[in-house]
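Reader: I would like to learn how to read surface patches and ring pairs. Please show me on one example.

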Amino acid sequence: KGSMAEGADADIAIFDPERFCDRADFVWLGLPDAPPEGMRQVIVGGKVELDQGEVKQRSAGHVIRF
């Protein structure tokens, strides 16, 4: 969402489409927050939330329901 410009609010996901795979598991492994394989960075509102598979913070975003 948003636009990529200085001072603008934008959410960005950078991933490797060849390696991208969801690893979250709600039933067998009990790892609902496991980051997906191949996700390089997630930037929410200008704050780095995920960097090279490592969660940096969890405060910038919120769930959008359709």
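Author: Start with the surface. A patch joins residues with over 30% relative accessible area and no salt bridge; like charges are joined within 9 Å, nonpolar side chains (Val, Leu, Ile, Met, Phe, Trp, Tyr) within 5 Å. Here Phe26, Val27 and Trp28 make a nonpolar surface patch of about 490 Å². This is a predicted model: local features need pLDDT of at least 70, side-chain atom pairs count only at pLDDT 80 or more, while totals for chains, interfaces and linings use all residues. Residues are numbered from 1 along each chain as its sequence is written, and side-chain values use heavy atoms, leaving out hydrogens and water.

Reader: Is Trp28 buried or exposed?

Author: Buried means under 20% relative accessible area, exposed over 50%, partly exposed in between (1.4 Å probe, protein chains only). Trp28 has 77%, so Trp28 is exposed.

Reader: How do I read a ring pair?

Author: A pair of aromatic rings is described by the distance of the centres and the angle of the planes. Rings of Phe, Tyr and Trp (its six-membered ring) pair if their centres lie within 6.5 Å; planes under 30 degrees apart count as stacked, over 60 as edge-to-face and the rest as tilted. The structure holds one aromatic pair. Phe15 and Phe20 form this tilted pair, 5.3 Å centre to centre with 55° between the planes.

Reader: How does Phe15 count by relative accessibility?

Author: Phe15 counts as partly exposed because its relative accessibility is 42%. Phe20, at 41%, also counts as partly exposed.

Reader: What is the C-alpha to C-alpha distance between Phe15 and Gln41?

Author: They are 6.9 Å apart in space, and 26 residues apart in sequence.

Note on methods: Accessible areas come from the Shrake-Rupley method with a 1.4 Å probe; for residues, only the protein chains shown count as cover. A salt bridge is a side-chain nitrogen of Lys or Arg within 4 Å of a carboxyl oxygen of Asp or Glu.
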